[in-house]
Amino acid sequence: MAQKVITTYVDDLTGEESEQIATHSILVDGAGVEIDLTDENYEKLLELLNPYLHADGARRIRGGAKPKGKRKPAGGKSDDSSAIRAWARENGYEVSERGRVPAAVREAYESAR
C-alpha cells in the first residue's frame with residue numbers, strides 16, 4: 001500500500017499555515033519553550049524583547065536553549081566513537097586511533113546522518 005505524508009507548518013501564534021515557519025527556542029529563568037513562527041512574527045517578538053535584551057547591564061549568557069534537531073547523548077558525545085572514526089576516514093578526515101574525536105568531525109558525522 002502506498003502512503004503519502006503531508007507536513008503542514010503552522011505559526012503557533014496565529015495558526016497561519018506557511019512553508020516559511022521556523023522553530024525558535026526561548027529560555028526565561030531556566031524554563032524554556034520552542035515556538036514555531038513565521039519570519040514576520042519572529043521579528044515582532046524580537047522587537048518586543050529588544051528593550052530588555054539590550055538594557056544597560058544586560059549580560060549575554062552561553063548555552064541555554066538549544067536549537068531543535070537531533071539530540072546528542074549526555075555530555076554531547078556520541079557513544080560510538082569507533083563508527084565516527086570509520087566514517088571520518090572514509091570521508092577524508094584524519095583522526096587518531098584513540099583519544100577524543102574532534103568536535104568538527106563529530107558535527108560533520110551528525111550532519112551526514
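**Talking through the model**

Modeller: Of the contacts in the protein with a separation of 6 or more, 31% are between residues 24 or more positions apart; contact means heavy atoms within 4.5 Å.

Colleague: What sort of model is this, and how are residues numbered?
Modeller: This is a predicted model, where local features need pLDDT of at least 70, side-chain atom pairs count only at pLDDT 80 or more, and totals for chains, interfaces and linings use all residues. Residues are numbered from 1 along each chain as its sequence is written, and side-chain values use heavy atoms, with hydrogens and water left out.

Colleague: Which elements does the protein have, and in what order do they run?
Modeller: From the N terminus on, the order is β-β-α-α-α. That comes to three helices and two strands. Helices (H or I, at least four residues) and strands (E, at least two) are DSSP runs, numbered from the N terminus.

Colleague: How much of the protein counts as buried?
Modeller: 15% of the 113 residues. Buried means under 20% relative accessible area, exposed means over 50%, and partly exposed is in between, with a 1.4 Å probe and protein chains only.

Colleague: Let's go to the helices. At what angle do α2 and α3 pack?
Modeller: Helix α2 (residues 81-90) and helix α3 (residues 103-112) pack at about 85°, and their axes are 10 Å apart. Axes are lines fitted to C-alpha atoms, for helices over the stretch in contact, and angles run from 0 to 180 degrees between N-to-C directions. So α2 and α3 are roughly perpendicular to each other. As for the cut-offs, under 35 degrees is roughly parallel, over 145 roughly antiparallel, 65 to 115 roughly perpendicular, and the rest oblique.

Colleague: Which residues meet there?
Modeller: On the α2 side, Ser81, Ala83, Ile84, Trp87 and Ala88; they meet Val105, Arg106, Ala108, Tyr109 and Ala112 in α3. The residues of this contact of α2 with α3 divide into eight nonpolar, one polar and one charged. Here Ala, Val, Leu, Ile, Met, Phe, Trp, Tyr, Cys and Pro count as nonpolar, Asp, Glu, Lys and Arg as charged, and the others, Gly among them, as polar.

Colleague: How many aromatic pairs are there?
Modeller: The count is two. Rings of Phe, Tyr and Trp (its six-membered ring) pair if their centres lie within 6.5 Å; planes under 30 degrees apart are stacked, over 60 edge-to-face, and the rest tilted. Trp87 and Tyr109 have ring centres 5.7 Å apart and planes at 75°, so that pair is edge-to-face. It links Trp87 in helix α2 with Tyr109 in helix α3, 22 residues apart. Ring pairs join Trp87, Tyr93 and Tyr109 into a cluster.

Colleague: Are Trp87 and Tyr109 buried or exposed?
Modeller: Trp87 is buried at 18% relative accessible area, and Tyr109 is buried at 12%.

Colleague: What about the loop between α2 and α3? Where does Val101 lie?
Modeller: Val101 lies in that loop, and Val101 is buried, with a relative accessible area of 1%. Not counting residues up to four places away in sequence, Val101 touches Ser81, Ile84, Arg85 and Arg106.

Colleague: Switching to the strands, where is His24 found?
Modeller: His24 is in strand β1 (residues 21-28), and it is buried at 14%. Leaving aside neighbours within four places in sequence, His24 contacts Val33, Glu34, Ile35, Leu37 and Tyr42.

Colleague: And Asp29, buried or exposed?
Modeller: Exposed, at 81% relative accessibility. Asp29 sits in the loop between β1 and β2 (31-38), with a positive phi of about 50° although it is not a glycine.
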